[in-house]
Amino acid sequence: GFGPVECVMFDTPAIEALAQLHRAHVGGIGVVDAQGVLISNISASDIKGVGDEHLDWLALPVGQLLAQLHGLEYGPYKPARTRARGGASILPPKKRPLPVTQRRVARDVISCSEDATFSEVLGLLSKRGVHRVYVVNHQGLPSGVVTDTDVLRLACGEAAVVEPPS
């Protein structure tokens with residue numbers, strides 16, 4: 001089996017998404033579009049390096065924050081320009097773009113189908129260097145998540161206790 005999946009809508013304020021992450025005691029939560037289709041993931045590592053000059057970005061919809069952090073499009077959200085054509089910054093004074101190290105390699109959220117094998121999930125965790133693989137149904141709706149912790153528990157012979165989502 002696989003664990004329940006926590007998700008937020010892509011227009012949820014990022015600070016609320018991070019609060020849900022904290023309340024759920026999980027390392028990451030899925031981000032879904034208006035139809036409930038999984039489009040991304042947000043985790044604590046997404047906001048590493050967000051300094052005090054970027055705290056206002058936490059009020060942005062999570063989709064817009066992720067677009068800024070990753071330089072990708074999420075639903076209707078696109079990364080905002082930070083430079084004018086001549087190369088000059090168009091950000092307010094004391095506001096710099098996030099460092100390039102904050103931007104992920106362009107990739108979609110890592111997911112598998114409900115009939116994926118354990119070996120396939122292990123391969124995704126390993127080859128993609130992620131902490132979670134989302135399980136989605138044939139419509140792209142999230143139905144579960146397998147984490148690296150789940151794999152370690154299985155390897156140690158512990159049965160993972162899975163609580164149904166509330």
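**Overview**

What percentage of the 166 residues in the chain is buried? Buried residues make up 39% of them, where buried means under 20% relative accessible area, exposed over 50%, and partly exposed in between (1.4 Å probe, protein chains only). This is a predicted model, in which local features need pLDDT of at least 70 and side-chain atom pairs count only at pLDDT 80 or more, while totals for chains, interfaces and linings use all residues. Residues are numbered from 1 along each chain as its sequence is written, and side-chain values use heavy atoms, with hydrogens and water left out.

The chain has 4 helices and 6 strands; these are DSSP runs numbered from the N terminus, with helices (H or I) of at least four residues and strands (E) of at least two. Along the sequence the pattern reads β-α-β-β-α-β-α-β-β-α. Of the contacts (heavy atoms within 4.5 Å) with a separation of 6 or more, 49% are between residues 24 or more positions apart.

**Confidence**

The mean pLDDT of the chain is 79, pLDDT being the predictor's confidence in each residue, from 0 to 100. A value of 70 or more is reached by 75% of the residues.

Where pLDDT is low, the predicted coordinates should not be read in detail.

**Residues around S1 and H1**

Phe-10 lies in the loop between S1 and H1 and counts as buried, at 10% relative accessibility. Not counting residues up to four places away in sequence, Phe-10 touches a set that includes Val-31, Val-32, Ile-39, Pro-61, Val-62, Tyr-74, Gly-75 and Tyr-77. Gly-75 is 65 residues from Phe-10 along the chain, yet their C-alpha atoms are separated by 7.8 Å. Thr-12, in the loop between S1 and H1, is buried with a relative accessible area of 15%. Leaving aside neighbours within four places in sequence, Thr-12 is in contact with Ala-17, Leu-60, Pro-61 and Val-62.

Gln-20 is found in helix H1 and counts as buried at 18% relative accessibility. Apart from neighbours within four places in sequence, Gln-20 contacts Glu-6, Cys-7, Val-8 and Ile-29. For Gln-20 and Glu-6, 14 residues apart along the chain, the C-alpha separation is 8.4 Å. His-25 sits in the loop between helix H1 (14-24) and strand S2 (28-32). This residue is exposed, with a relative accessible area of 71%, and has a positive phi of about 55° although it is not a glycine.

**Packing of H3 and H4**

How do helix H3 (residues 118-128) and helix H4 (residues 148-155) pack, and at what angle? The angle is about 125°, with the axes 11 Å apart; axes are lines fitted to C-alpha atoms, for helices over the stretch in contact, and angles run from 0 to 180 degrees between N-to-C directions. H3 and H4 are therefore oblique to each other, given that angles under 35 degrees count as roughly parallel, over 145 as roughly antiparallel, 65 to 115 as roughly perpendicular and the rest as oblique.

On the H3 side Phe-118, Leu-122 and Leu-125 meet Asp-148, Val-151 and Leu-154 of H4. By class, this contact has 5 nonpolar, no polar and 1 charged residues; Ala, Val, Leu, Ile, Met, Phe, Trp, Tyr, Cys and Pro count as nonpolar, Asp, Glu, Lys and Arg as charged, and the others, Gly among them, as polar.

Val-135 lies in strand S5 (residues 132-136) and is buried, with a relative accessible area of 3%. Val-135 and Cys-112 are 23 residues apart in sequence and 5.1 Å apart in space, C-alpha to C-alpha.

Thr-147 belongs to strand S6 (residues 142-147). Thr-147 is buried, at 18% relative accessible area. Setting aside neighbours within four places in sequence, Thr-147 is in contact with Leu-125, His-131 and Arg-132. Leu-125 is also one of the H3 residues that meet H4.
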